[in-house]
Structure formats: structure tokens, C-alpha cells
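Here is a friendly note to read alongside the structure. Please keep the model open and find each part as you go.

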Amino acid sequence: MRKPISLLLLATFLACATSGCGGGGPSTTATPTPVPPTAGSPTVTPIAEETATPQAPTATPTGDESEATPSAGSANVIFHNGTVLTMEDDFPEVDAIGIQADKIIAAGKDEEVLALQGPETQLVDLAGRTLLPGFVEGHAHILRFPDRAGKTLDEAVEVALRYGLTTVTELCADGPFLEQLMEAERQGRLRLRVNVFPEYNAAILDDEGNRIYMGVWFPEHGPILDHDRRLRIPAIKIFVDGAFAPGRGCWAVTDPYSEEFQAEPFFQEICLSERGTLYFAQDELNRAVADLQASGFQVALHAAGDRGIDVALNAIEYALNGEPNERYRHRIEHNSMVRPDQLQRYATLKPLVSVRGYFNTCDQDEYVMPFGPERFEWIANRFVLPGLGIHAYAEGDFGWTADPADRTASRPVDPLLTLYGLVTHQQLREDGSACEPDPWIARHQIGVERALQMLTIEPAFAVSQEDVIGSLRPGKFADLVILSGDPLTVDPDAIKDLRVLMTMVGGYVEYCAPGHEALCPSTTLTPGPTDTAVAPTPTNTPAPPTATPTTESAAPVEISLTAEEKWVPANTPVVLRFGWVTDTPEQVAAFLGSVQLIVSLDGELVRDAGNYWSEIKEYGDHDVDGDMDYHAQWLYPVGVLSPGTHPVGTEMRLQWPVTDGFDSDGDGVSDEYSGTWELLLQIVVGE
Ligand SMILES: [Zn+2]
């Protein structure tokens, strides 16, 4: 009775189980029961693709070749005649780049890449402009707090894209925010890549000064590491010490704050103790980090003061137990005050570290009073970290406490301000002039090239995505930006004046600066999720199950709801399909009695979805046990879709448990299913 689990089915299960939905394992309850993905677990049994569907123009596998030579097949888009900063070690700078569907297929000299030009290829003449990988924000709260400024999540996404961010790392999430992101992903509204870190504990302490356990996501779920998803959950955020804010206490420091500072009302109200505020005893943090590591998560430890950093380093060392951090990639966020003796420890243990790029240089004198001049250098030591041979990424830490357009705020959304800050340590005043850093900050220089790595490949490494984003090479996602100038050659002071002219995510132009339309290839310009035109769909009058729309243009293409992405030529009718196979016709009937399919297309609910189920039919010997199996199919004719991307979100709810009569896991008991599954499909229609 054992049936083979195809890759398709397994992939379906993984996509489902990791999206926060229940099911997967045998269950006797109708309550959704989330189960972390495990290879070989029983799966839902959607019918495998039977008919070959057209592939993207030339689906040449690009693999992960790292050379700059073009792959075979023609490109959808070629950017040429520019300065292409690949951020690759072995071919740092090239002239041109070729893109096919969502991936880079070539990066090299103009003539090499132009050889991939086909009749449909769009050529974009960069006219000497600079193209580089999309910026990856290593530590921010861009999507979490737009409501602080009366904005929506979608508007926050738009802001990030306008500043050239193609991936953001959202450093903490409570349950509702995580839900909001998942819904946005299902509806195709995440127009950039998002890595989100659920909270272990809250940023604030309770009234008694104790930490507040949050336990978001990780107790029931494993990490989400799928590169094909827009939303990933690689790490858990832990707050180790304070942050000079009400409810949060102050940085945990080894030597007490100055007596003068301790006499301030601010200190007495906020800081709680003369050595600041530590949220964990060492053994508690050790256990938390080790447990999360054992569950497959990275940890991101907020540690600002040197005492907090000691505790964070100790906990990472404890969890690693002699193994290299390269493998687990635990991170320390902020690193705001590093003692000289700790630098060696960083170099040895190699935690990944975030570094505030746009330092608050205009307020540099304010560090005197709490710490005294002897601890100045400790504050500046964060800028030493990138030179220690450890992985360091820039931290913008934008959280809507200032307007995105405010160029004086030291937590900017604009990665070019972060770049400017890393390189010059200057900060802008209201009038546009710059505050110059005092020697204690100024002497720790970071070169432009290193700083650019801290905004691209390093933050990609810090979320284990360095193989798919963060640099430009064949096989990686086509996530890139075009800038008004070359940060490597302009005067460092002029970096702040560079502008993003175009932002592309996964081969789609997601932002095009007004007046620069020539740089924005039109075939990949995707309209916002709300104004995507959709051909009329038969939502009111259910078509007979086997009906296909009559059209002169082309034969309809059936796309399974379990697919992740399908490319369809223009003017081709689409039929959505879902199927359920079981051992007996009665089991199909029981499934049809229990199931509710809730399907959305372009964010709009498909009405009367339940009416599109076929009658129960013979299917063949699906489990290869020698007798006939049965199935029902859900076939929903969509008609012809407009060019562009159309997200299809599916929720499959089982109102009570059902069985398919098979025994996929060979435990001698028929598989039982319950709960809710979620599927996400993108239909990409060509021009
Ligand atoms: Zn933060």
C-alpha cells in the first residue's frame, strides 16, 4: 500500500506546512494541528500535473554557475553599456547583464551578453549608469510600524522599493504582525523579499522589571528557509539588554554609568540599575539560544552595552559548543559599546554583527555625560568590527520614528544614507550641511566597497540567502537597482546625493523613478496588486465541471493550485485545477463533504468555488496496489488573464477529518487529514 511520494507532492507539503497551516501528520481531531515539515511525512494528495504546460520562454536551467559567461537561450531583458557592480569577487565589474524570467542568466562584457538577444528581448541602454544588486536591509522595522505614520503595510513596501531595497530583514514580529505578513504574501502583496524574525521575548519589561516571554512562532513551527517564497523566517529575535527607552531599561554596561548621569531624572525613571538592564541570567540565555539552534533557527540577539554583549557572546559560544558559527549564523544586533578586550572574542567566535551605518554624529557629544570620555572608543568600536574578518552588515533600523524623507534622522530607510554614513561617519543637518565626526569616530574608516558589501551580500549572508541574492551572477534572482551615479567613483560626500532610478525584484520592475522610464523595461513592469486587470471570470454562473472557455486564441492551460509559479503565454485561457485521489469512491465523497476551498485570484475571492467540483471518477491505480483508485477534480475556468503576475491564494479547510485510504508513511494505518492547508500560486502571463 506504500505509494511513492513525488517531489511535487513533497514540495507541496513543505510549502503548506511551513506556511503556518495545520495538517500533514495523521490526526484524529478537526483542530488544525501545525506540524513542522519533515521529509517523508504523509502529504495531501493533489493530482500530479498530467498535461505538460508551456514553460517560460526558454527555461534553460541556469544552476548556480558563478562564471560571467552567458548561458544558452535568449534573455527577456538585457541591461548594457553601463557600470555593473556585481559584488562578486572574481568579476567585480562588468558592462551588461541578461535576465530571463526571475533570474540572471548572464553578466559580462557587452558583446557577451548582447549575444543573448532574441526577437523578444528588451534592450535597456544604461548609458554609463551604475547597476548593482538590490539593497538588502540587514536590520529594520520598515514593515512593522508604518501605522506610526498613518501608513499601511503596502505603502511601507512601496517606500522600501523606492529606496532600492529588494530584501528587508524585519527584526521582530509578534503574532499579529506575522499573520499580517503571511496574508500579504498569500495575496501577492509582498513585492520585495522579507525575512522576519519572530520574538522570543518582548522589547520591553513588565512592571516588575522582568522579561516578557513572547514565544512567537518557534514553539510550534520550524524555520521557513525556502528561497522561492517572499516571506522567510530564518531566525528568532531575543532582547538581551535595554535601549534607553521607557519600559526597556538601558544598555547593560560593565562599569556603572557616570554619577552625573545617575542623578538625572531620565536615568532614575528608565535605567533601573547603575549598570543598566540585563534581561537574562547567563544560564537562561544559554538554554534559549541552544534550544532555538536545535530547532534549526538562527538567533538574533539585541545586545548594545558591553555587559549585554558579554552575555550574548557567552550564550552563542555555549550553543555552538565548538562548532563554527558559519554554520548556525547567530547574530548580535547593534554592538553599540564594545570593549577593546571583546574585539578578540568577536574575531574568534565570529558572530554575525550589525553595525549602525548612519551614526548620530550630530549628537556625538551626548555620549560624554553617561559614559565619560574613556568609553568613547568603545562606542566607536562598532566600526572596527567589519575589519575583523567577521561577517558584518549594515543596520538602518528604520522604524517610522521619523519620516522616510527626513535625511537628518540617524535611523534612515535610505540605504544610500547608510552607505554615506558608513564611509564618512557624517550626519546631515536640516540645512543639508554635515556634522563632522570627532577623531574618536573618524579614525575608524570603512571603504566604499566594504560598505557596499554590508548593504548587499553580507546582509544576504546574515539570513542565509547569499546563494540567491546579494550579488549579480547567473542563477541568482534578478534583484537589482540602477543608481544615478557610481558610489565607487563619486566623491564620498556625494554618495548622499545618489538616487535610485529603478528597482527590480525577481525580474519585475517594482519602482521606476519619474523621468527615467527608458531604464525600466516595460514587459516586466508589474502593476500594483490592486490595479491588475483581470479578464471576466465566471463567478456567478458555475460552469459545468469539464467546461473550458471557448476561445479562438489558444488551447486552455490547466494549472494546479499546488504549483508555485506558472508561466503562460499571452492570450491563453487558464483553468485552475485541484484534485483529490483516494482508495475508494466513498472516501472521495467523504472528502467532498468535508472540504471547503477558499480561492482568491488577484486578491479577489473566487465566488462559489465549491460548485466547480467534478463528479467522482476512476483515476487508475494511483498507489500501485493493484486496484482502481478514485478522484474528483476541481476545475475553475478563469479565462484569459492580462500580462503580468496574478497571485492565486488557496485555503483548503477540512471541517472534519478524512482519510484517503492510503498509507503513505507505511505505519500500517490509513493516512488521515484534518485542519487547513494554504497554497500560494503565481501565474505569470507573458506579453
Ligand atoms: Zn531594531
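Predicted model: local features only at pLDDT ≥ 70, side-chain atom pairs only at ≥ 80, totals over all residues.

1. Residues are numbered from 1 along each chain as its sequence is written. Helices (H or I, at least four residues) and strands (E, at least two) are DSSP runs, numbered from the N terminus.

2. Start with the open sheet of 6 strands, whose order is β3-β2-β7-β21-β22-β23 with mixed pairing. Two strands pair if DSSP finds at least two bridges between them. At the edges stand β3 (93-94) and β23 (508-512); each has a single partner strand, so one side of each lacks a neighbour in the sheet. Strand β22 (residues 500-505) runs antiparallel to β23, and 4 bridges join the two. In this pair, look for Met502, which stands opposite Cys512 in β23.

3. Another open sheet has 4 strands in the order β5-β4-β1-β6, again with mixed pairing. Its edge strands, β5 (103-108) and β6 (122-125), each pair on one side only. On average, neighbouring strands of this sheet are turned by 15° against each other, direction ignored. Strand β1 (residues 77-80) pairs with β6 in the parallel sense over 4 bridges, and His80 is found opposite Asp125 in β6.

4. Now for the helices: how do α7 and α8 cross? The axes of α7 (residues 282-294) and α8 (residues 306-320) come within 8 Å and cross at roughly 45°. Axes are lines fitted to C-alpha atoms, for helices over the stretch in contact, and angles run from 0 to 180 degrees between N-to-C directions. The two helices are therefore oblique to each other (angles under 35 degrees count as roughly parallel, over 145 as roughly antiparallel, 65 to 115 as roughly perpendicular and the rest as oblique).

5. Which residues meet here? Among them are Leu285 and Val289 in α7, and Val311 and Ile316 in α8.

6. Finally, find Pro146 in the loop between β8 (135-140) and α3 (153-162). Is Pro146 buried or exposed? Pro146 is buried, because 21 other C-beta atoms lie within 10 Å (buried means 20 or more such atoms, exposed 12 or fewer, and partly exposed in between, with C-beta atoms placed from the backbone). Leaving aside neighbours within four places in sequence, its contacts (C-beta atoms within 7 Å) include Leu153 and Trp400.

Definitions and conventions
Contact = placed C-beta atoms within 7 Å.
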